[in-house]
Amino acid sequence: MSENNSTISPNNLAFIALANEYCHALENTFDYDDKQAFMAAMLRLLPRLYISASDIKPDDESSDSFIDSYLDENDYDVVRANISRMMGEDDIYLEVFIDDMKYSDTPISTSISENLADIYQPLYNFVATVKDATDETIIEAVSAIKAEFDTYWGQTLCNVLRAIHSVYYKN
């Protein structure tokens, strides 16, 4: 048995696996028997993804790390549309954690499908970047995805988790 000389931390490896699992789940939405099964899977995945991303300790402190885009607009739209069809009338919900909300006289709505696809996009690009990459590239990609989590998709994850929880448990 060969000795593992990887410089990637176990937490970061676990995050990579979880990001891949999330992407796979969204790419295969119709593998779930029904909406309840899909939402149950999201209620298991999203908190784990949040905790795992929160626990990332980037080995590379450079602020110029970025992840190339591999996901095209058509593939994004297919994922979003499949989730929207699965969620049906429960796809749309009122959002309260949007900066513009404090200036709005009318409610602002968003959709579970768009929020899940918005999380899918950076994770897909991340997984595509680290697949068969060198340790150095993986370390840079982990730093970049952590920065994106902190500034964007972490809040989106919290918002959509709240919405899915509400729909799942309203019955």
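1. The crossing of H2 and H5 is left-handed, a term used when the near helix is turned anticlockwise from the far one by less than a right angle; clockwise would be right-handed. Helices here are DSSP runs of H or I with at least four residues, numbered from the N terminus. The two helices pack at an angle of about 150°, and their axes lie 10 Å apart. That makes H2 roughly antiparallel to H5, since angles over 145 degrees count as roughly antiparallel. Axes are lines fitted to C-alpha atoms, for helices over the stretch in contact, and angles run from 0 to 180 degrees between N-to-C directions.

2. Please keep in mind that this is a predicted model, where local features need pLDDT of at least 70, side-chain atom pairs count only at pLDDT 80 or more, and totals for chains, interfaces and linings use all residues. Residues are numbered from 1 along each chain as its sequence is written, and side-chain values use heavy atoms, leaving out hydrogens and water.

3. Now look at H1, residues 10-27. Its 18 residues reach 26 Å from the first C-alpha to the last, close to the 26 Å expected at 1.5 Å a residue; the expected span is 1.5 Å times one less than the number of residues.

4. Which residues of H1 are buried? They are Asn12, Phe15, Ile16, Leu18, Ala19, Tyr22, Cys23, Ala25 and Leu26. Buried means under 20% relative accessible area, exposed over 50%, and partly exposed in between (1.4 Å probe, protein chains only). These H1 residues pack against helices H2 (35-54), H3 (73-87), H4 (112-130) and H5 (135-169).

5. Ile16, in helix H1, is buried, with a relative accessible area of 15%. Apart from neighbours within four places in sequence, Ile16 is in contact (heavy atoms within 4.5 Å) with Phe126, Val127, Val130 and Ile138.

6. The largest nonpolar core has 48 residues, and Phe15, Tyr22, Met42, Leu116, Leu123, Phe126 and Trp153 touch the most other members. Such a core is a set of buried Ala, Val, Leu, Ile, Met, Phe, Trp, Tyr and Cys residues joined through side-chain atoms within 4.5 Å. The largest share of this core, 13 residues, comes from H5. With neighbours within four places left aside, the contacts of Phe15 include Leu123, Phe126 and Trp153.

7. Finally, visit the loop between H4 and H5, where Asp132 is found. Asp132 has a positive phi of about 60° although it is not a glycine. This residue is exposed, with a relative accessible area of 76%.

Conventions
Parallel < 35°, antiparallel > 145°, perpendicular 65-115°, else oblique.
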